[in-house]
Amino acid sequence: MNSYQKEQAESLAMVQRHLETLSAAERKALELQTSDYLLFRDDVHTFLSEHFSDLCTEKCYRNNLSACCSREGIITFFGDMVVNTLVSINEEINALLATLQKPNTGFKCIYLGNKGCMWRLKPIVCEMFLCDQAQKEVFREKPWAEDAWNELKQRKKLYTWPDRPVLFDDLERYFMDAGYSSPLMYLHNSPGLLRVKQQASFL
Ligand code: SF4
């Protein structure tokens with residue numbers, strides 16, 4: 001297990017463990033907190049299915065390239081892990097934990113399984129990644145789709161970019177208040193993101 005996998009495994013196990021200790025009411029409240037974000041993710045999913053799914057399946061997935069998943073250590077926010085754990089069944093999280101124990105021998109993301117990404121709700125960085133070639137092909141034909149995509153990218157910031165109170169910051173705080181910490185809590189430990197907060201004066 002390399003250091004990336006270790007960080008991922010420790011953080012994910014911590015999220016799973018803590019969620020198991022919550023009462024039904026506490027869990028429900030946390031789920032409610034993420035409900036607006038899940039609607040946003042539905043909108044992104046619908047957009048991608050409508051405009052990119054065929055192209056990406058044809059150009060990348062079917063020929064086994066999976067270029068978007070070729071990086072060994074994809075960035076995952078702590079908030080990504082919390083939301084995914086909330087929407088997943090325990091077996092799915094256990095499968096992620098089991099895969100993180102194995103050595104990553106390829107040049108692909110450790111989470112890329114036989115049927116694609118093993119996360120039920122992919123990390124936001126992955127979901128919002130469109131390669132230049134795909135963007136060019138689709139937006140050349142449908143310029144209005146580019147406007148819709150830019151709008152979705154702006155909406156993403158409302159949950160992840162800490163120039164205002166955002167969900168991903170709140171989720172980190174929720175776990176910090178319960179006594180946990182993780183190197184994946186970028187909204188509390190990345191110098192760049194802390195600067196964004198400072199400039200927005202809400203640190
Ligand atoms: S987390 Fe999933 S979508 Fe993201 S790079 Fe890995 S396999 Fe691909």
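The model is predicted, so local features need pLDDT of at least 70 and side-chain atom pairs count only at pLDDT 80 or more, while totals for chains, interfaces and linings use all residues. Residues are numbered from 1 along each chain as its sequence is written, and side-chain values use heavy atoms, with hydrogens and water left out.

**The ligand**

Select the ligand first. Around the ligand are Cys-69, Ile-74, Cys-109, Tyr-111, Leu-112, Cys-117, Lys-122, Pro-123 and Cys-126, where a residue is near a molecule if one of its heavy atoms lies within 4 Å of it. By class, this shell holds eight nonpolar, no polar and one charged residues; Cys, Ile, Tyr, Leu and Pro are among those that count as nonpolar, and Lys is among the charged.

**Cysteines**

Select the cysteines next. The count of disulfides is zero, a disulfide being a pair of cysteine sulfur atoms within 2.5 Å. Cys-117 is partly exposed because its relative accessibility is 32%; buried means under 20% relative accessible area, exposed over 50%, and partly exposed in between (1.4 Å probe, protein chains only).

**Helix α7**

Move to helix α7, residues 132-141, and select its buried residues, Ala-134, Val-138 and Phe-139. They lie on the same side of α7 because they cover an arc of only 105 degrees around the axis, taken from the directions from the helix axis to the C-beta atoms. Exposed on the other side of α7 are Asp-132, Lys-136 and Arg-140. Helices (H or I, at least four residues) are DSSP runs, numbered from the N terminus.

**Helix α1**

Finally, select Glu-20 in helix α1, residues 3-21.

Definitions and conventions: Helices (H or I, at least four residues) and strands (E, at least two) are DSSP runs, numbered from the N terminus.
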